[in-house]
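The stops below can be taken in order.

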Amino acid sequence: MTINDINLIQNTAERSFVHEFAENGLSLYTGFEPKSEDLHAVKCEVPSRIIQFYFCLEGHLGFNFSLHYQKQLQSGQYFFMYNPQKDLVFDLIPDTGGKWVAAYTTVDKLHTLFVDEADVLTFLNGENAAKPLYDERECSSSVKWALESLFTTDLSAASRKIFAKGKLLEVLALHFDRRSEDTEACPFLRDEKTRTQIKSAKNVLIERMTQPPSIAELALD
């Protein structure tokens with residue numbers, strides 16, 4: 001099984017997602033559910049040993065694994081999944097008007113990215129390598145910024161593919177970064193009040209990306 005064996009299927013005349021690319025152990029989809037009364041489920045068929053990420057940027061994102069197990073992500077959350085034991089088939093149910101991103105990578109690709117830092121991939125080490133992993137997290141401001149740019153950039157098809165690949169690599173780097181805060185690079189970030197103000201400003205910029213505030217307006221917020 002390879003990255004090209006992943007299938008996202010929607011039984012509607014017009015798909016609400018775009019397959020950005022699939023190559024070299026990486027694959028990326030972006031989705032935006034039109035505002036309507038009907039919610040259109042996306043059937044996901046993912047081979048075992050594929051590492052999966054699902055980001056909910058707006059609205060909420062539902063997962064229907066079976067009659068007895070459903071899960072829902074709220075805006076600003078993401079789901080990290082890895083199951084080496086079996087293929088996964090489930091329904092992905094975006095909220096009306098919702099915005100989401102699905103990203104995939106293989107174990108081999110991840111090892112090549114972190115070839116000198118095997119301790120970063122703790123879920124693939126030793127006994128963990130044979131165990132399923134389901135982890136829900138909050139998106140950092142940096143991750144939101146990277147993913148939101150996929151919906152706002154205006155590039156040719158060839159350039160967009162390169163851009164999307166770069167954004168996926170950026171998000172993987174941020175997810176597996178072992179530092180909880182960027183305090184080493186800037187001593188001012190060691191102050192809690194300053195960190196809070198910077199995070200607040202970043203959130204405002206992300207929320208108003210299409211019509212960003214001026215520096216003066218940002219200072220007032």
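For this tour, a helix is a DSSP run of H or I with at least four residues, a strand is a run of E with at least two, and both are numbered from the N terminus. The model is predicted.

**Stop 1: helix H3.** Select residues 157–175, which make up helix H3, and pick out Lys167 and Glu170; they sit 3 residues apart, about one turn of the helix. An α-helix has 3.6 residues a turn, so residues three or four places apart point the same way. Lys167 and Glu170 form a salt bridge, with 3.3 Å between the closest N and O atoms. Lys167 counts as buried because its relative accessibility is 14%, under the 20% cut-off. Glu170, at 31%, is partly exposed. Next, select Glu23, Lys161 and Lys165, which a network of salt bridges links.

**Stop 2: strands E11 and E7.** The structure holds 9 salt bridges. One of them joins Glu136 to Lys71, with the closest N and O atoms 2.7 Å apart. Glu136 belongs to strand E11 (residues 133–138) and Lys71 to strand E7 (residues 69–74), so this pair ties together parts 65 residues apart in sequence. Both ends are partly exposed: Glu136 has a relative accessible area of 33%, and Lys71 has 22%. Then select Asp135 and Arg137, whose side chains meet in a salt bridge at 2.7 Å, N to O. Asp135 is partly exposed at 22%, as is Arg137 at 32%.

**Stop 3: Thr106.** Select Thr106 in strand E10 (residues 99–106). Thr106 is buried, at 16% relative accessibility. Its side chain reaches the backbone nitrogen of Lys109 at 3.1 Å. Leaving aside neighbours within four places in sequence, Thr106 is in contact with Ile3, Gly25, Arg49, Ile50 and Ile51.

**Stop 4: helix H2.** Finish on residues 141–152, a helix of 12 residues that reaches 16 Å from first C-alpha to last, close to the expected 16 Å. Its buried residues include Val143, Ala146, Leu147 and Leu150, and also Glu148.

Technical notes
Residues numbered from 1 in each chain as written. Predicted model: local features only at pLDDT ≥ 70, side-chain atom pairs only at ≥ 80, totals over all residues. Heavy atoms only, no water. Expected span 1.5 Å × (residues − 1). Buried < 20%, exposed > 50% of the residue type's maximum accessible area, 1.4 Å probe, protein only. Polar contact = N/O pair within 3.5 Å; in protein donor to acceptor, adjacent residues only side chain to side chain. Contact = heavy atoms within 4.5 Å. Salt bridge = Lys/Arg side-chain N within 4 Å of Asp/Glu carboxyl O.
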